[in-house]
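Subject: Structure handover

Hello,

Here is the structure I said I would pass on. My notes follow below it.

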Amino acid sequence: MTRLLPLLFALLLAIPLAAQQQGVPFNGIVSDISGTPIKGARIYISKGRVARSDKQGRFGLTDVAATDTIHIYFKKRTYDIPVEGRKSLRVRLGDQLQAQEDQELVNWGYGFVKKRESLEISSGISGEDLVRSGYTNITMALQGRVPGLVVNQTGRPGQDAELNIRGTNSFYADQTPLFVVDGMIVESLDFISVYDVDHIEVLKEASIYGSRGANGAILVTTKRGPK
């Protein structure tokens, strides 16, 4: 029993540390010192996952731990802001950096911005590349253009080919990735021609969409959608 006490004590100490290291969605707004929104600032925790502020200065990060530091890069200058347990930030950039939490931004959750980090591990394909494939169907045009993406013909008339991004984990479980077109989740991509596509991003890791993104996600931006 005496030998178990140090182990139990260590486990109790580890619980708060694990809670600090667990990431949460993070929303923010960045503006200049006068309050004018800043578009195009680069916001990141690590340089592998980078978000950009939109024309309203809004940005979203997917997985931020209480002990992380947020970096904002704008006009050749980097601002470092310790998270310190906060879940949102309203930031004003200037000689005197101002950053404070806003509960309203926290309550918005993932719906705050349509696009969060651009993942460097993702694969991006332009609409022009898809057109050069010779296919009008997006599913078939993706074949051979994304490392690890498997396209299986079903052999059944009128049914789309099956896509698999993350590999086969089960013979019975559904491996279909999530399809998102111009920020809206859809059932399939068969209603879109490659000629209507501006660009596509294929994500192997799509936890931003919760359990629905367990098999990865294919994000399509059309020529009519947001750039």
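Which residues does Asp 102 touch, not counting residues up to four places away in sequence? They are Ser 88 and Arg 90, where contact means heavy atoms within 4.5 Å.

Some background before the rest. This is a predicted model, in which local features need pLDDT of at least 70 and side-chain atom pairs count only at pLDDT 80 or more, while totals for chains, interfaces and linings use all residues. Residues are numbered from 1 along each chain as its sequence is written, and side-chain values use heavy atoms, with hydrogens and water left out.

Asp 102 lies in the loop between strand E8 (98-100) and helix H2 (103-108); helices (H or I, at least four residues) and strands (E, at least two) are DSSP runs numbered from the N terminus. Asp 102 has a relative accessible area of 16%, so it is buried (under 20% relative accessible area, 1.4 Å probe, protein chains only). Its side chain reaches the backbone nitrogen of Glu 104 at 2.9 Å.

Overall, the protein has four helices and 16 strands, and 38% of its 227 residues are buried.

The largest nonpolar core has 21 residues; such a core is a set of buried Ala, Val, Leu, Ile, Met, Phe, Trp, Tyr and Cys residues joined through side-chain atoms within 4.5 Å. Those with the most contacts inside it include Leu 130, Ile 138 and Val 220. Helix H4 (138-141) and strand E15 (197-203) are among the elements giving two or more residues to this core. A second, separate core of 17 residues includes Ala 41, Ile 43, Ala 51 and Tyr 79.

Regards

Conventions: Buried means under 20% relative accessible area, exposed over 50%, partly exposed in between (1.4 Å probe, protein chains only). A polar contact is a pair of N or O atoms within 3.5 Å; within protein, one must be able to donate a hydrogen and the other to accept it, and residues adjacent in sequence count only if both atoms are side-chain atoms.
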